[in-house]
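Please have the sequence and the model open while reading.

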Amino acid sequence: LSINILLGGKSYTLFLMYRQSNAQPTEAERAVWEQVNEVLMEALAILDDLQSYNGAGEEIRQAIQNPSEDQVQERAWAAVVPLVGKLKKFYEFSLRLEGSLHGLLKALTSARCSPTQHLEQEQALARQFAEILHFTLRFDELKMTNPAIQNDFSYYRRTLNRMRINNVAAEEENEVNNELANRMSLFYANATPMLKTLSDATTKFVSDNTDLPIENTTDCLCTMASVCKVMLETPEYRSRFASEDTVSFCLRVMVGVIILYDYVHPAGAFVKSSKIEMKGCIKVLKDQPQSSVEGLLNALRYTTKHLNDETTSKQIKNMLQVN
């Protein structure tokens, strides 16, 4: 399943970038593809773990209400420690995701050919990039709607500090020591931690590769946004989607690349000269059932860099206002 899309006056054949796409890696892509594929396989398990994360709210509540009862304190600690082990796994996965993104960006933005030709010739890698964006926004949606994560981790840190003050040998026994807990705290304090990881990683990729024109990266991002928008707004393509999951996938990818573009491009995604047709992208989002896209609209409202700049038109600001 592919589409011919007109970009910059040229027609390109691009696979629809969603899970059912059958783009297979070429020999030139295979090394990067296999590395990223390992990470993406783990991403599925991470989402399952996060989705089933219930927290230790009741045990913590009991421990706070009964501070002098050792048995209640021990029960809360025993409930929280394995959960923090999960949070550590999520945090460490974000570091692996960052490495995968660097590998993909290097392959998809090299000076060998134009960014759009890269997406046409290396469609298996382009789809993996899309999968990473989908995972990132899905992870952050789940994290934002689960206050237990912050509550559990706050309780863990408070208890760890209290143990240190009382000279209780806890750090050696626990897989999350104080130094790692500080790094994790910064990660989870962010409303959208995975998206911040990706935004920072993309910005770092551009600053580390000064020999590469910034347009190589921004054109790759805006092409992916254009492909997703065309797929979603064209009845002919949309009717061929296997399920509503495909719609969600494309919407998340579109929003993800817009946010990355907004961080990497000096003027951002919302300026009039932006290569991303922002009004069309926002319209596509607002044409969906509100409950299914509110998180994505909020991502554009609150996690982009340039939305509130004076260069952003009033029309775009009005389109993104909360009703």
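Which residues form one aromatic cluster? They are Trp77, Tyr91, Phe153, Tyr156, Phe187 and Tyr188. The model is predicted, and the points below are grouped by topic.

**Aromatic pairs**

- Aromatic rings whose centres lie within 6.5 Å are taken as pairs; by this rule the count comes to eight aromatic pairs.
- One of these is the pair of Tyr91 and Phe187, with 5.5 Å centre to centre and 70° between the planes, which makes the pair edge-to-face.
- Because Tyr91 lies in helix α3 (residues 70-108) and Phe187 in helix α7 (residues 178-189), this pair ties together parts that are 96 residues apart in sequence.
- Both Tyr91 and Phe187 are buried.
- Phe93 and Phe135 also form an edge-to-face aromatic pair, at 5.3 Å centre to centre and 75° between the planes.
- Phe93 lies in helix α3 and Phe135 in helix α5 (residues 123-144), so parts that are 42 residues apart in sequence are tied together by the pair.
- Both Phe93 and Phe135 are buried.

**Nonpolar core**

- In soluble globular proteins, nonpolar side chains tend to be buried together.
- Here the largest nonpolar core has 101 residues.
- Helix α3 gives the largest share of this core, with 17 residues.
- The residues with the most contacts inside the core are Phe129, Phe135, Met224, Leu251, Met254, Ile258 and Leu285.
- Once neighbours within four places in sequence are left aside, Met254 is in contact with Ala225, Cys228, Lys229, Leu232, Cys281, Val284 and Leu285.

**Helix α9**

- Helix α9 covers residues 214-233, and its end C-alpha atoms are 29 Å apart.
- At 1.5 Å a residue, the 20 residues of this helix should span 28 Å, which agrees with that separation.
- Of the 20 residues of α9, 16 are buried, so the helix is largely enclosed by the rest of the structure.

**Asp309**

- Asp309 sits in the loop between α13 (290-302) and α14 (314-319).
- Is Asp309 partly exposed or buried? Its relative accessibility is 27%, and buried means under 20%, so Asp309 counts as partly exposed.
- Asp309 and Ala267 are 42 residues apart along the chain, and 9.4 Å separates their C-alpha atoms.

Methods:
Residues are numbered from 1 along each chain as its sequence is written. This is a predicted model: local features need pLDDT of at least 70, side-chain atom pairs count only at pLDDT 80 or more; totals for chains, interfaces and linings use all residues. Side-chain values use heavy atoms; hydrogens and water are left out. Helices (H or I, at least four residues) and strands (E, at least two) are DSSP runs, numbered from the N terminus. The expected span of a helix is 1.5 Å times one less than its number of residues. Buried means under 20% relative accessible area, exposed over 50%, partly exposed in between (1.4 Å probe, protein chains only). Rings of Phe, Tyr and Trp (its six-membered ring) pair if their centres lie within 6.5 Å; planes under 30 degrees apart count as stacked, over 60 as edge-to-face and the rest as tilted. A nonpolar core is a set of buried Ala, Val, Leu, Ile, Met, Phe, Trp, Tyr and Cys residues joined through side-chain atoms within 4.5 Å. Contact means heavy atoms within 4.5 Å.
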